[in-house]
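Please examine the model shown below before reading the explanation.

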Amino acid sequence: MRVLVSGAGVAGLTCAYWLHEAGHTPVVVERAAAGPLGGYGIDLSGSGYDVAGRMGILDRLAARQLRVDSVALVDGADRITARLDRPLAEKMLRGPYLGLMHSTLEEVLAGAVEDRVEIRHRQRIAALRQNDDDVLVTFADGTRQRFDVVVGADGVHSDTRELVFGPEPRWARQLGFSMACYPVPDVAGRTDVRAHFTEPGRQTVLYPTDTVGTSVALFLYRSQRHGRIPRAERVARLRAAYQGAGWYTPELLAQAPDEPFMDDLTQIELPRWHRGRVVLIGDACGALTLGSAQGASVAMAGGYLLATALAAHPGAHTDAFAAYEARVRPFVAERQRRARSFTRGLVPATRAGRGIQRVFTRLVLRDAAVPLLRFGFGDVSSILPGPSHHSKERQR
């Protein structure tokens with residue numbers, strides 16, 4: 001079966017790998033040039049950790065972990081008010097995890113498929129026309145090809161979803177936050193900790209990457225202005241949102257590039273994830289936002305489970321799509337719900353709320369509160385069938 005995968009991110013590359021393993025012929029198109037797409041940190045655990053284990057790439061990923069041994073909440077004087085260390089994080093997540101740059105995961109996944117799958121960069125779908133037998137795809141360069149199935153793995157602002165299901169605003173749930181991030185030089189004394197500084201309505205995060213000398217500055221703030229943010233306006237908007245901010249924030253803002261990555265926190269909620277011969281995976285159908293810390297893991301699980309469903313239902317794509325969605329959708333819906341609640345608590349709107357958060361975190365970041373932490377942020381046991389690498393690591 002010839003399968004077109006739109007998007008060479010985590011979900012798309014994972015799906016393409018497993019489609020090839022199942023004997024299909026996937027073709028991946030990606031509007032960006034060759035190279036990693038994401039520039040922020042992620043945690044890989046649960047289902048994502050399991051898929052990486054089944055692909056044999058855990059060692060490569062483990063060798064490139066972030067230089068972070070704990071998460072610290074700090075005040076304006078840079079004093080640590082609460083800390084989440086790795087042993088407590090592993091208890092919360094019910095097993096091991098890998099702290100990685102998103103771009104590292106994409107790079108390793110691309111290496112796993114580069115000799116198996118055709119990837120066309122600087123290419124995208126312009127139009128789709130389905131019939132009972134196949135899908136006629138018109139690409140942006142005017143060429144046309146037929147495929148048996150099309151997989152939309154092109155992110156929260158998916159063009160594939162818009163072509164098949166309609167405009168994004170119909171399916172987008174805005175969480176009332178915006179975020180931005182970009183690389184900065186390491187800050188002395190901040191090379192092994194992910195530090196969070198929170199003020200009413202906004203938070204600044206600083207953490208080291210896997211590369212000595214480079215860290216990431218991330219900004220998360222409450223905002224009611226939604227939609228894609230013009231590149232030329234991003235720095236001015238970010239600095240306006242953080243006017244008068246404390247800690248290292250002014251120094252980090254002074255190092256902002258001309259066009260930093262910036263977007264709203266948006267979840268996608270669709271009544272169905274497939275229509276005809278087109279199916280969606282990852283953020284295109286169930287974006288979790290960074291408030292879940294599970295987006296990459298769920299993207300890998302979705303790509304894997306769609307490919308295995310197509311293998312289990314040869315010649316019956318509708319049955320395969322339904323089986324994939326039935327397994328993944330409940331998991332995604334619950335994580336979306338938790339992410340909405342967690343994000344509101346992560347960045348309180350008021351000074352009083354910030355005070356409550358400070359007291360609360362001191363009380364819960366300890367072994368006795370692990371069940372509560374799991375409910376809000378952890379409990380990422382795998383949704384994959386069969387033996388679990390995640391479970392095996394837990395038993396060691």
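Predicted model: local features only at pLDDT ≥ 70, side-chain atom pairs only at ≥ 80, totals over all residues.

Residues are numbered from 1 along each chain as its sequence is written, and side-chain values use heavy atoms, without hydrogens and water.

Strand 8 (residues 125–130) and strand 9 (residues 135–139) form five bridges in the antiparallel sense; strands are DSSP runs of E with at least two residues, helices runs of H or I with at least four, both numbered from the N terminus, and pairing requires at least two DSSP bridges. Four residues separate the two strands of this hairpin. Within it, R129 has L136 of strand 9 as its bridge partner.

Most residues other than glycine have a negative phi. R122, in the loop between strand 7 (118–121) and strand 8, has instead a positive phi of about 55°. D78, in the loop between strand 4 (70–74) and strand 5 (80–85), has a positive phi of about 70°. At 27%, D78 is partly exposed, a class between buried (under 20%) and exposed.

The whole structure holds three cavities of 30 Å³ or more; a cavity is a set of points on a 1 Å grid over the protein atoms alone where a 1.4 Å probe fits but cannot get out, and its lining residues have an atom within 4 Å of a point. Fourteen residues line the largest cavity, with G282, G286, V298, A299 and V332 nearest its centre. Helix 10 gives the most to this lining, four residues.

Technical notes: 1 Å grid on protein atoms, 1.4 Å probe; cavity = no way out; pocket = protein on both sides within 12 Å on 5 of 7 lines; lining within 4 Å. Points joined across faces, edges and corners; volume = space filled by probe spheres on them. Buried < 20%, exposed > 50% of the residue type's maximum accessible area, 1.4 Å probe, protein only.
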